[in-house]
Amino acid sequence: MKDQPGHGFPASSPLARLLDGPMAPGRLTWIGLRPARRAAMIAVGEAMLAPGQGLEGDRWRGAADGARQVTLVAQEHLAAIASFLGRPEVEPSRLRRNLVVAGFNLFALKGRRFRIGGALLEWTGECHPCSRMEEELGAGGYNAVRHHGGITARVVAAGVIRVGDSVERVPLDQQAPG
């Protein structure tokens with residue numbers, strides 16, 4: 001039996017079928033660029049994603065095949081983090097993630113490719129908090145972000161993304177190998 005990418009379960013297993021079940025599209029609600037290390041994030045309405053580069057204008061300087069070209073967080077997780085901190089809200093720039101999406105469970109992308117606007121990306125891992133969260137959010141910031149920090153992704157195919165664009169998981173039968 002052929003295994004599902006990223007799942008390790010036989011394609012016919014009930015769990016694999018659930019994991020690969022349909023998902024309603026989400027939408028991109030915020031794009032942020034970090035022009036330099038420790039610099040304030042700049043919110044933009046659109047950006048270009050490029051393979052091996054991530055977001056044009058962002059400071060990311062990893063390897064061309066690096067796993068952390070783009071970082072994403074769910075808007076719903078920002079609300080949870082704010083709640084854990086006893087605040088009415090947390091600004092997206094405080095988490096230092098590049099993209100905020102709404103109405104979409106990013107963790108359902110594990111082992112998969114997905115589209116945002118004209119770009120194709122693939123899940124590369126979870127985006128765990130660092131000690132900088134204490135600086136950005138104050139005491140307890142690190143623990144508030146644990147398991148709510150979003151994901152990392154690699155750009156597979158270039159494209160322009162805009163606030164308001166759809167976020168969609170690529171169907172399993174359209175996943176390219178590798």
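What radius of gyration would a compact globule with 178 residues have, and what does the protein have? The globule value is near 16 Å and the protein has 16 Å, which agrees. Here the radius of gyration is taken over C-alpha atoms, and the globule rule is 2.2 Å times the number of residues to the power 0.38.

## About the model

This is a predicted model, in which local features need pLDDT of at least 70 and side-chain atom pairs count only at pLDDT 80 or more, while totals for chains, interfaces and linings use all residues. Residues are numbered from 1 along each chain as its sequence is written, and side-chain values use heavy atoms, with hydrogens and water left out.

## Overall build

Let's start with the fold as a whole. The protein holds 11 strands and 5 helices; helices (H or I, at least four residues) and strands (E, at least two) are DSSP runs, numbered from the N terminus. Its C-alpha trace spans about 50 × 30 × 30 Å along the principal axes.

Taking contact to mean heavy atoms within 4.5 Å, 72% of the contacts with a separation of 6 or more are between residues 24 or more positions apart.

## Surface and charge

Of the 178 residues, 44% count as buried. The classes are buried (under 20% relative accessible area), exposed (over 50%) and partly exposed in between, with a 1.4 Å probe and protein chains only. The accessible surface comes to about 9000 Å², and carbon and sulfur atoms hold 53% of that surface. These areas come from the Shrake-Rupley method with a 1.4 Å probe; for residues, only the protein chains shown count as cover.

On the charge side, there are 22 positive and 17 negative side chains, and the centres of the two sets lie 3 Å apart. Lys and Arg count as positive and Asp and Glu as negative, without His and the chain ends; each charge is placed at NZ of Lys, CZ of Arg, CG of Asp or CD of Glu.

## Cysteines

How many disulfides does a search of the whole structure find? The search finds 0, a disulfide being a pair of cysteine sulfur atoms within 2.5 Å. For cysteine 127, the nearest cysteine sulfur is that of cysteine 130, 8.4 Å away. Cysteine 127 is buried at 2% relative accessibility, whereas cysteine 130 is partly exposed at 40%.

## A look at alanine 43

Alanine 43 sits in strand β2, residues 42–44. Is this residue buried or exposed? Alanine 43 counts as exposed, because its relative accessibility is 54%.

Leaving aside neighbours within four places in sequence, alanine 43 is in contact with Trp30, Ile31 and Gly32. Leucine 33 is 10 residues from alanine 43 in sequence and 6.5 Å from it in space, C-alpha to C-alpha.
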